[in-house]
Structures are given as C-alpha cells and as structure tokens.
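Subject: Structure handover, salt bridges

Hello,

The structure is below, for your files. My notes on its salt bridges follow.

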Amino acid sequence: MKRYLITGASRGIGRAIAEKLAAEDVTLLLHGRDTVALAEVYKAVKPRCGGVVRLIHDLAIKAGVSDLIAAVGSDPLDLLVNNAGIAIVKPFGEITSVEWEQTLGVNVTAPFLLTQRFAPKMPPGASIVNILSIAAKTGFPNWSAYCMSKFALEGFSQSVRGELHEHKIRVINIYPAATNTEIWKNVEGDWPRNKMISAEQVASAIVYALSRPADVTVENITLSSAAGNL
C-alpha cells in the first residue's frame, strides 16, 4: 500500500490533488486545520481509497508540525505534497511580526521539517511535490511576505533536489499563476476569479508529473491562464 501525505488538503489545490490521487492501492494522509472541510474531503475520497487518515494540526507552530510528524508515523512515504500555505497581502510596513512568523512557519519551516523527516526513508522512485507559485520567481507589491516565503522554498527545494538525486527521489516544483481557490476571499480587491486557472488544472499537472516513469523527473511546471498572470 502506497502512502501519500498531502498538507493543506481540506480545500483548493490540496483537495483537488487528493481527489485525483485516490486509488485502491493508496492510503491518503490528509492534513488540514478545518475539521469540517477535511471531513468532506474524507467522505469524497474514502470510497476510492485503500485508506484515508485525517490529520488536523496547525503548521504555523513547530509543535503542530511535530505532532503531524508523530501522527504520520515511521512507515515510509511514497509521496509528500507540501501544499499548505497562507498569504498575508498588505503593504510591507503594515505586516505584524506575528503575521511574518506565521507565514514563515507554514510556507517555509513546515515544508523544511517535513522533508527533513520523511525524505531519508522514502524509497527510490518516491516524489516530493512543492506547491510554489509564480510568486517564487517574481515579487508583487503588497505580497512581500508571501513572495519571500515562496522564494525561500524555491531555494530550499532546488538544493534538496540535488541532494536527493543519488537516492532517486524526485522533487517536483509547481508554479501556478493565480488559482481560483478560497484564499481570495481573504484578499482585498476585485480579483477576476473567472479568469484564473482552477485547482483541478493544477492537480492534473501534478498527476501527469507523477505518472512519468520512476527514472524520469518533470522537475518544474509553470501554469498560467491564457488571460495572463493576474
């Protein structure tokens, strides 16, 4: 039985990934903070899965990451998807120290600690998928904390990829443009969500990368709307 851990699986891209990867030979380890939303994902994928485990932990704090690691257990993972993320959107002068630390915790420290813990036991052919963003390559006004965190994860994942080559563990980085998820409900402004790419389109790209032969890595995938980056 394969074991897949997906963080931030209660909605958006994480949920779409879980729904597309559900299979009889797979146990999905689904992390989230929203108990109700995660229960809905559980209900949707359980009939098609070998097993489903719900993991409710706050990745903004190290204790939450430690608790998640303990709950996943010592059995090897075949796939780690670092998807959980938060976005603080405001002028850099208005960002509080708490918001800065939360952004670092969820978007940088958690992927680092999870990768550090689970990668050494992953079998050859296993994969680590990092959900980055076009904000990992370009800075945008009022998105400084978010861009900072994605730039940091970009550098980390590139370095880790080089270290894991000899172990035949694939590191796949995904760079979506604006994606139509619930994150936009908390972002001020009039954003044309109908022009954004969908979470399902991002998940489909990931499934494609994972479906390549074990000795082939689709290292980087950038996804943009035909309408351009928003």
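A residue counts as exposed when its relative accessible area is over 50%, as buried when that area is under 20%, and as partly exposed in between. Arg 33 has a relative accessibility of 57% and is therefore exposed. Please keep in mind that this is a predicted model.

Searching the whole structure gives 5 salt bridges. Three of them are described here, including their surroundings.

Arg 33 and Asp 58
The exposed Arg 33 pairs with Asp 58 through their side chains, with an N to O distance of 3.9 Å. Asp 58, at 30% relative accessibility, is partly exposed.

Asp 34 and Arg 11
Asp 34 makes a salt bridge with Arg 11, and their closest N and O atoms are 2.9 Å apart. Distant parts of the chain are linked here too: Asp 34 is in the loop between β2 (26-32) and α2 (35-45), whereas Arg 11 is in the loop between β1 (2-6) and α1 (12-21), 23 residues apart. Asp 34 has a relative accessible area of 29% and is partly exposed. Arg 11 is partly exposed as well, with 32%.

Lys 90 and Glu 99
A salt bridge also forms between the side chains of Lys 90 and Glu 99, at 3.1 Å from N to O. Lys 90 is partly exposed at 22% relative accessibility. Glu 99 has a relative accessible area of 17%, so it is buried, the limit being under 20%.

Regards

Key:
Residues numbered from 1 in each chain as written. Predicted model: local features only at pLDDT ≥ 70, side-chain atom pairs only at ≥ 80, totals over all residues. Heavy atoms only, no water. Salt bridge = Lys/Arg side-chain N within 4 Å of Asp/Glu carboxyl O. Helix = DSSP H or I, 4+ residues; strand = E, 2+ residues; numbered from the N terminus. Buried < 20%, exposed > 50% of the residue type's maximum accessible area, 1.4 Å probe, protein only.
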